[in-house]
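Please read them with the coordinates open beside you.

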Amino acid sequence: MQHPISNGNPIWNRRRFLHRAGMGMGGMALGHMLSQETFGSHAQATHFPGKAKHVIHVFLNGGMSQVDTFDPKPELDRWGGRKLPFENLQTERRTGVALPSPFSFARHGVSGIPVSDLFPHLSRCVDELAVIRSMYAELPSHELSLMLMNTGTQRLVWPSFGSWLTWGMGSENENLPGFVALCPGGMPVGGAGNWRSAFLPGVYQGTYVDTSKEDPRALIADVHNTRMNRAQQSDHFRYLQALNRRHALLRPDESLIESRIQSFELAYRMQFEATDAFDVSQEPEHMLKLYGEGPQNRQLLIARRLVERGVRFVQTWHGNLQPWDSHSNIKDSHRKVANECDQGLAALIIDLKQRGLLDETLILCSGEFGRTPSVEMDQGGGGAAQGRDHNHWGFSLWMAGGGIRGGTTYGATDDFGFKATENPVSIHDLHATMLHLLGFDHERLTYRYAGRDFRLTDVHGRVIREVLS
Amino acid sequence: MGWLFVWVLQSSVLAESPETISFNEHIRPLLAEHCLHCHGPDASQRKGDLRLDLEAAARSSAIVAGNPQASPLMERLLSQDPDDIMPPPEEGKALSPEAKHLFARWIEQGASYEGHWAFEPLRRVDPPQMENPDLSDIDRFILVRLQEQGLDFSPPASPAHWLRRVSFDLTGLPPSPQVMEAFLENPSSDARAEVVDDLLASKQYGEHWGRHWLDIARYADTHGGSAIGFTRFPFSYTYRDYVIEAFHQDLPYDRFIMEQLAADSLGLPNQDPALAALGFLTVGQRFRTRHDTLDDQIDVITRGLMGLTVTCARCHDHKFDPIPTTDYYQLYAALDGSEEPDLLPLVGQPDPSDSLKAYQESLEHLNQQYTDVSREQGEILRARLRMQVGAYLQALAQGTPEQDLSVSFLSFRTDDLRPHVLERWRRYLSGLPEGDPVFGPWKILSQADEQPWMERLEKQLAIWKEANGDPASWGARQELGSKTPAWNPMVLEALETQRPDSLEALARVYGEVFSQAQEQWLTASLEAAREALPEASVIPDQDARHATINGAIDRQLRHHLYARGTPTALEDDLASRLLNRTVSDHLGGRRGAIHDLHLNHEGSPPRAMVLQQKPAADSKTYHVFRRGNPLDRAQIVEPGFLSTLGSMAPDAFATHPPRKALALSIVSPDNPLTPRVVVNWVWKHHFGKGLVRTPDDFGTRGAPPTHPQLLDFLAQGLLDDDWSLKGLHRRLVLSQTYAQASMERSQARGKDPDNRLWWRMPRRRLSLESMRDAMLSASGELDLSMGGKPFDMMTDQEVPRRSVYGFVNRDVPSPLLTTFDGANPSACTARRPETTVPQQTLFALNSRFILDRATAMARRAQTQAKDSSQDPVTLLYRWAYGRAPEREERLMAREAMEKWQGSSPEVALERLAHALLASNEFVFVD
């Protein structure tokens, strides 16, 4: 935000506008720059050169179990079927005795980071990953923890990470939205609240795309004219712009009018270019093979195509509601969802690296919380269902690319994987670290609204330097 | 330091600084932005014990009036030592040389402080004297300032432009071709006044300005915050319709506020339509915690009605404005004493009909089913909790910390402790006297003491037994009149036989005493009930078999389980929230069925989303929550108003329910904020920007008014005119200021780049609602029927009603709303964002909505052209732009259509209509 007193320099504003004018659909709020009579905020430059320029957040919605994936706990095997040597921490439902992981772990790569056999493909890329094993959230509720992970608050209506980022950086591609949320066949719990812009202007809200649809023209609203072919539309467009230019001629020097004329030009081009980004059928056979079948794998390929075209923030959701929420039968249900995305995750890392994009693309793979090492009790009080409850006390996630030091682990949970005990990392710390990688000091990325300077990290947050390269 | 000083004071870049430095205009904004974060009202953030927002405090240490050289403030501002300079470099809020210069000059001129302009009483101001008799009062205020800068008004807009402008401004719709034609024949000032009167009298005025108000009221038709999908309010529309009607009727603005905050305390008859006004408080987001709900209400009241950002004071004293946390919690206390009734009152008397009858029958049926299950399950829960006293006392004995009950996320099983009940036990026990016959021993023994536990127990037991005296004197247990000793003998006996050796053990002992008492009571009740069976023999009331029921000692125990206000005597609504998961899921389903009936049944009559004062018995003590944490309670507060404004309505809080007292304080003629904020809001909607350009922040960090005298003149005028908003509109839109053309003038732009002096009318783009309505109007499809349940603008595109009746989804924002800068339905919006993005123009190029309108418009033109022998192109132009095409435009249209004829004449006309609707002339108002 500019100080009101220093805000009045029209030349400065003008230059700034011209500099930004090409940002288009990427989320640059042109109107703010354009009219000297408007009074609003605007995007900022980064605070320092960041390593990452894009983010892909792979959201394992429902909650990935840490003790079955990235946080092996041999103690759990020894205590299997017995009560843990401490009171089980309070989670959503009652949990009982220790439930050993049905998956086996092995060390991988040069770094030797252990990964369970749920991720055979991904484990080959382990030297690119920084695994944080000491994450914690605040409550064992999906929606609250989803909001916390995405917006930094579980109660109030604040903007999501992607909105902050696109507001802060703009987009590199005028023909695509700057913030895209991909989810096949529905929406996660919390719906559009997960990618809301809240008090930031509506253009910074994530654009939701249902990746179970395969026709790329169906993916962006109004991107396709159903009543005119391309030649007819071109004619029609010329007439429309002639009307507009005539109108503008009688109203000289009006930036508001000029900007809508420019916006028409942009929109017109977008119709033909934007759909390309979502069209994976343009990918060569070996690329489709690398990523594998199924909507989860395919949307990771779409994510790469988007990032490659300059989209700032892509969030891929595993599916409708909460596919990773394995309250029962962790063995089969976690196996199923891991199978659906394992190949694509490895492919994404390999593919980005081959294209030289991994260095500037930060990948985050997380759920909204983890799962209990103890078995969830069913109604009768037994643990026959062999599932795990929500666990906000401790969980794992990983990051890769974009300035992350690969082959790292950070933090630890207790002997059973219940609670983060060593170097606990809050969601605010995670956000601060991600913003740092993108070139922002999380304490200075502020937006003035209702008389207050808001921050994604509110009054919290610490950059986890140990995972930075 | 000396040389630096000289440099600053003489520096040539500063030649333009004003002669007299005004505290409010020049210094206060600098203080607010650069200094007050650490040296302002918030005591917890204050550094170096220095306050700069108060004159006395600043002068006692930082400022020597008249002498900048001797003022430590200047020394710190000008220092080159990074450890000394203020603001500290790490804050990133460095002052410019100009700003430092202003400080120096201000101190030199005596460093006088002024109250913040917005809190100062309204001044009665006379308009400046000017020679031109045609100028309105408003014009004089504006023109004087323009002339000071060597500027003048722009020439007046053409009559056609003026009419289009005023029609959109007052009704959100373009003028009809008939009105346009009539006006252009005689665009006199009388005709203008008549046009304005007609527009203000139209229902469409109520709809358009009602929508503006709904932005303030963060209106939505869904709860917000749903995990999956969304939940609709069945009756939010009654608030929307109330607002529209209030504007239409020109309800005095003070009354409008009174009704929205306290319609339930104004002596209105039951079912009065004005009760729906309370939707202002209740259509906000349904948060999970009461604290957040109240925060939302405080925000909409203070920011929406008074332009103050009071919610900053939820966690700490406001950093920039004189709003301490106590103010926030006074408002919290004023609002918390209200609740929504289970069944909302009807709005008016519904007409009898078959569907109404069917609805009523279903409602009764569903309600009964719900309350039957709820009542019985509540009984079971209470019965179980009375068996679980030991578990709760043990949790307390183990030192379980207090929990914030406003967040509930747990699912319960029978053996799970209910946090609510635990807190009730904690509070209940701490409120009991040490002499309580049952819990006295618990209270005494749970106090910390150096003496070993068992020694204390023995000693106390002897004292208690001694005090009880001879059991023979207590009377027989079956006697209803039996006496009660000082200490409950059953408790003493259990202590004596079990000798608990710790507080936890003591908790177990109490648990057994109570579970036994509860079991005996249930058994005795059952047996006593059986005595009434026909085959049973009669047993006298004071028979020994009735000892459990009659005995005063037993009753002493049961008092703590059954009396009102005891921890396990849960109120029904609380009990219904603590049931086991299976049961509560089931009950949730039944509640949902009632909700669906209200929402979807054809005969469901409108109801008002009211609040009512909770019964006095529920009145509780309110505290400031330190850092907003409800578990960290600081000083006690009473319901009250903002302290910096003083008592706006003396005795209001002593004599009225708190919400009404709050409303009275807001509309008090002594409250300068309310009229200033609303006239600024009306001005903003007519002129594009407010006189105060931060319409929801009149605090020290907001923008000061560009025309402070005019603002007060308008505010005072509103009061003098009995708060009539229509009168205000009339004064504004009939001014010459408003009648100016919206032309760009480079000379004026150079002198006043932001048009703060109003040397032209800013050109504006139609809002989402006006754009959509204007398209429907141009195509002849617009349906002007009013009120009622909302329709979905996305899924029911064929519904041609005005946009104000569109469904507002707070959970899943409509793409139309986010694309076209609609108001944020989750928070009070005084100023919508203004963006230009290609999604908007994609809508204009390709959306089904605009294509369908173009089709309808072309068809209409063809039909009318046949009937009236008018040229269809002329008709399209009139409908879209309110004017006939010029010669060259005709040529362009003909040329384009010739190319399109290939498809068909209809299609060619359609494409022409589409281009007109999409064009800039359609969406911009000159």
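1. I start with one residue of chain A. A:Thr457 sits in the segment that follows strand β17 (452–455) of chain A, and in this predicted model the residue is buried, because its relative accessible area is 0% and the limit for that class is under 20%. Its side chain makes a polar contact of 2.8 Å with the side chain of A:His442, and another, of 3.0 Å, with the side chain of A:Arg455.

2. The next matter is confidence. For the complex the predictor gives an ipTM of 0.85 and a pTM of 0.85. Chain B has an average pLDDT of 92, with 97% of the residues scoring at least 70. Over residues 11–15 of chain B, however, the pLDDT falls below 50, and this stretch has four contacts in the model beyond near neighbours in sequence. Where pLDDT is low, the predicted coordinates should not be read in detail, and I would ask that this be kept in mind for residues 11–15 of chain B, given their pLDDT below 50.

3. How much area do chain B and chain A bury between them? The value is about 7,700 Å², of which 54% is on carbon and sulfur atoms. To this contact chain B brings 93 residues and chain A brings 87 residues. Between chain B and chain A there are 13 salt bridges, and 23 residue pairs are in polar contact, counting pairs with both residues at pLDDT 80 or more. On the side of chain B that touches chain A, helix α36 (residues 838–846) gives the most, with eight residues. Sorted by class, that side of chain B has 34 nonpolar, 25 polar and 34 charged residues.

4. One of the salt bridges across the two chains deserves a look by name. The side chains of A:Glu254 and B:Arg760 meet there, with N to O at 2.8 Å. Side chains of opposite charge can pair when their charged atoms come close.

5. Over all chains the count comes to 88 salt bridges, and among them is the one between the side chains of B:Asp292 and B:Arg314, at 2.8 Å from N to O. B:Asp292 belongs to helix α14 (residues 290–306) of chain B, whereas B:Arg314 belongs to the loop between α14 and α15 (325–336), so this pair ties together parts that are 22 residues apart in sequence. Are these two partners buried or exposed? B:Asp292 is buried, with a relative accessible area of 2%, and B:Arg314 counts as buried at 8% relative accessibility.

6. The closest N and O atoms of B:Arg303 and B:Asp299 are 2.9 Å apart. Here too both partners count as buried, B:Arg303 at 2% relative accessibility and B:Asp299 at 11%.

7. A further salt bridge of chain B joins B:Arg477 to B:Asp554, the closest N and O atoms being 2.9 Å apart. B:Arg477 lies in the loop between α20 and α21, and B:Asp554 in helix α24 (residues 552–562), so the pair ties together parts that are 77 residues apart in sequence. B:Arg477 counts as partly exposed at 37% relative accessibility, whereas B:Asp554 counts as buried at 4%. Apart from this pair, salt bridges that share partners join A:Arg251, A:Glu254, B:Glu744, B:Arg749, B:Arg760, B:Arg763 and B:Asp926 into one network.

8. My last point concerns B:Ala486, which is placed in the loop between α20 (453–468) and α21 (489–498) of chain B. This residue is partly exposed, with a relative accessible area of 39%. Leaving aside neighbours within four places in sequence, B:Ala486 is in contact with B:Gly435, B:Pro437 and B:Asn468. The C-alpha atoms of B:Ala486 and B:Glu496, which are ten residues apart along the chain, are separated by 16 Å.

How values were computed
Residues are numbered from 1 along each chain as its sequence is written. Chains are lettered from A and ligands numbered from 1 in the order in which they are written. Side-chain values use heavy atoms; hydrogens and water are left out. Helices (H or I, at least four residues) and strands (E, at least two) are DSSP runs, numbered from the N terminus. Buried means under 20% relative accessible area, exposed over 50%, partly exposed in between (1.4 Å probe, protein chains only). A polar contact is a pair of N or O atoms within 3.5 Å; within protein, one must be able to donate a hydrogen and the other to accept it, and residues adjacent in sequence count only if both atoms are side-chain atoms. Contact means heavy atoms within 4.5 Å. Buried area is the accessible area (1.4 Å probe) that two parts lose on being put together, summed over both. A salt bridge is a side-chain nitrogen of Lys or Arg within 4 Å of a carboxyl oxygen of Asp or Glu. Ala, Val, Leu, Ile, Met, Phe, Trp, Tyr, Cys and Pro count as nonpolar, Asp, Glu, Lys and Arg as charged, and the others, Gly among them, as polar. pLDDT is the predictor's confidence in each residue, from 0 to 100.
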